[in-house]
Each structure stands twice: as C-alpha cells, then as structure tokens.
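Here is a short briefing on the fold and packing of one protein model. The sequence and structure come first, and the notes follow by topic.

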Amino acid sequence: MSSILVIHGSPRGERSHSRRLAEEFLQAWQGANPLGRLVRREVGRGSLPHVSEAFIAAAFYPQPEARPLSMQADLALSDELVGELLEHRRLVISAPMYNFSVPSGIKAWVDHIVRLGLTFNTLLDNGVAQYQPLVQGKKVLIVTSRGGGGFGPGGEHEALNHADRWLRTALGFIGIEDVTVVAAEGEESVPERFQQSCAEAQQHLQALARTF
Ligand SMILES: Cc1cc2nc3c(=O)[nH]c(=O)nc-3n(C[C@H](O)[C@H](O)[C@H](O)COP(=O)(O)O)c2cc1C
C-alpha cells in the first residue's frame, strides 16, 4: 500500500502557510490514492528534543553491536525516527524559511535521522573519511513559505537560501536525491504578491499530487 511520511516544521498551526499548502497537496494525493496512508510526525511545535551529549556518545559508540542498554535508550527516539523514514518511500516536509535556514525542529529531526551505520557510513580511504549513503528509493517533496522573495533557483537571493537548499544537501548525504521544492514567497510583501505566489504553488502541487 502506498504511504507518505509527513513532517511538519512550522511552529505555527492553522496560520502556517507551508503547513496549509502541504495539507492541500496531501488532500489531493489522498483523492488520487484513496487507499494511501498518511503518517504524520510533528516536529515544528516543540515536540522534538535536540540531540544531546548522551545521544552523541551513543550514536558514535565504537562498537554499536555492543552498546550498553542505557545508550540504546538514549537512541530510542532517533531509532524510531529512522525507522519511520525507512518505512516510507515518499516524504512530504513542510518547512518555512527561518533566518535563511529552517526552523530548529526540522534541524533537530535531521540530526536524529542522519545516523552512522543506519542512514550513512564512514569509510577510511588512505586515512581520509569517505561517506557512503545508505538510504535508497525515496522521493521527497519540500513545501516551503518565505517572508521575502528571490530565494528560489536563479533568484537574486538564492545564495542566501540555507533552508530547502540545505535540506536537499542533508538528504542527499544519506542518499535521498529525488527532491522537489515548491515555495510560496513574499508573505511579508504586499498581500497580492503573496496570494499570487501561493496560487502558483497550489497549481504546481495539484499537478504533482497526480504523480507523486
Ligand atoms: C523567526 C523567523 C525568522 C524568519 N526568517 C526569515 C528569513 O530569513 N527569510 C524570509 O524570507 N522570511 C523569514 N521569515 C518569514 C517566514 O518565512 C514566513 O512568515 C513564512 O510564511 C513562515 O512559514 P509558515 O507560514 O509556514 O509558518 C521568518 C519568520 C520568523 C518567525
């Protein structure tokens, strides 16, 4: 059965544009896939802890197969998030731009799912670390909203975009290369401009929902 893992990253609920646009996409996808399953993981509303010293010690323990029970417990949430990621072929991530990057909940989620031995490996080649992605066959839709404009491909502020562009890098690091970004820009500009951008994003999302 087809399914989508949905990661919502805005701290806002009903007032969040990225969340609303993503939910509209999911509704359209559900219409085209009535038996499809949606699994939601909220990371934007303070529900996900940042990684801790205990997490780091456990995640990089030299003998993972002999991890003490206390360390296994420190990784329980991360294990669950990695399991969730690996279980689904499709992901929808709604993630606004915050200070040219993503909200901290999305960053925390990425820190939990980029896991040595589970989603990537390190190999030494002549003493130099080489990284090997371990995740295969996923496709991701990132739905984003930005207060300003020009952060998309070819835009005048593209180089300042460390939000969805960084997310693409982090996902690529673990092997997820099939990533589509749909953005609404200009929430802080005149309302007509933002409405126009939302309408274009909605149109794009409705078309994507038929093939995702
Ligand atoms: C803490 C914070 C930082 C923000 N930083 C940026 C930014 O760097 N660039 C930008 O274009 N908009 C920025 N914005 C505006 C948001 O991207 C915009 O309001 C967006 O619509 C929020 O997404 P949401 O509606 O899904 O919550 C920021 C908003 C907040 C609250």
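The buried residues of helix α5 pack against β1 (3–8), α2 (53–59), α4 (76–87), β3 (90–94) and α6 (164–173). Buried means under 20% relative accessible area, exposed over 50% and partly exposed in between, with a 1.4 Å probe and protein chains only. Contact means heavy atoms within 4.5 Å. Helices (H or I, at least four residues) and strands (E, at least two) are DSSP runs, numbered from the N terminus.

This is a predicted model, in which local features need pLDDT of at least 70 and side-chain atom pairs count only at pLDDT 80 or more, while totals for chains, interfaces and linings use all residues. Residues are numbered from 1 along each chain as its sequence is written, and side-chain values use heavy atoms, with hydrogens and water left out.

- Seven of the 10 residues of α5 (residues 104–113) are buried, so the helix is largely enclosed by the rest of the structure.
- The buried residues of α5 are G105, I106, A108, W109, V110, H112 and I113.
- Beyond its neighbours within four places in sequence, I176 is in contact with L85, V135, K138, V140 and L171.

- Five strands form an open sheet in the order β2-β1-β3-β6-β7, with parallel pairing; two strands pair if DSSP finds at least two bridges between them.
- β2 (37–42) and β7 (178–185) are the edge strands, each with a single partner, so one side of each has no neighbour in the sheet.
- β3 and β6 run parallel and are joined by five bridges, and R90 stands opposite K139 in β6.
- α6 packs on the sheet, touching β3, β6 and β7.

**R146**

- R146 is found in strand β6 and is buried, with a relative accessible area of 3%.
- The side chains of R146 and E185 are joined by a polar contact of 2.8 Å. A polar contact is a pair of N or O atoms within 3.5 Å; within protein, one must be able to donate a hydrogen and the other to accept it, and residues adjacent in sequence count only if both atoms are side-chain atoms.
- Not counting residues up to four places away in sequence, R146 touches residues including M97, F151, N161, D164 and V181.

Notes:
Axes fitted to C-alpha atoms, helices over the stretch in contact; angles between N-to-C directions.
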